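The report that follows goes through the fold, the core and the surface in turn. The sequence and the structure are shown first.

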Amino acid sequence: MILSVFTSIGVQLSVADAYRQLIDLNPDNQYAKNKAAGSLGGAVNAGTIILHENGYYERIR
C-alpha cells in the first residue's frame, strides 16, 4: 500500500494527505482507516518512510 502512495524515493506528503490517499486505495473496505494507519506505522517502523517534525512523511527507501 505504501509504495502505491509514495511512488519513489524522496516523495513527501503531509500526514493528512498520506492518510487520505491510503484510505482511497480501499474505499469499500470498512477497515480502510485502520489499514491506512497500520500501513503508515509499519512503514515508519521498517524504515521505508520517516516522519519529519514538520508533519511530513518522506520515502527514504
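## Basis of the model

This is a predicted model, in which local features need pLDDT of at least 70 and side-chain atom pairs count only at pLDDT 80 or more, while totals for chains, interfaces and linings use all residues. Residues are numbered from 1 along each chain as its sequence is written, and side-chain values use heavy atoms, with hydrogens and water left out.

## Overall fold

The chain contains three helices and three strands, where helices (H or I, at least four residues) and strands (E, at least two) are DSSP runs numbered from the N terminus. Along the sequence these elements follow the pattern α-β-α-α-β-β.

Taken along the principal axes, the C-alpha atoms fill a box of roughly 30 × 20 × 20 Å. Among contacts (heavy atoms within 4.5 Å) between residues at least 6 apart in sequence, 45% join residues at least 24 apart.

Buried residues (under 20% relative accessible area, with exposed over 50% and partly exposed in between, for a 1.4 Å probe and protein chains only) make up 31% of the 61 residues. A nonpolar core is a set of buried Ala, Val, Leu, Ile, Met, Phe, Trp, Tyr and Cys residues joined through side-chain atoms within 4.5 Å. In the largest such core, which has 14 residues, Ile2, Phe6, Leu40 and Ile49 touch the most other members. Two or more residues are given to this core by each of α1 (2-5), α2 and α3 (32-46), and the largest share, four residues, comes from α3.

Leaving aside neighbours within four places in sequence, Phe6 is in contact with Val11, Leu13, Ala18, Leu40, Ile49, Tyr57 and Arg59.

## Salt bridge

A search of the whole structure finds one salt bridge, defined as a side-chain nitrogen of Lys or Arg within 4 Å of a carboxyl oxygen of Asp or Glu. Arg20 forms this bridge with Asp17, and the closest N and O atoms are 2.4 Å apart. Arg20 and Asp17 are three residues apart in helix α2 (residues 15-24), and so are separated by about one helical turn. Arg20 is partly exposed at 44% relative accessibility, and Asp17 is partly exposed at 28%.
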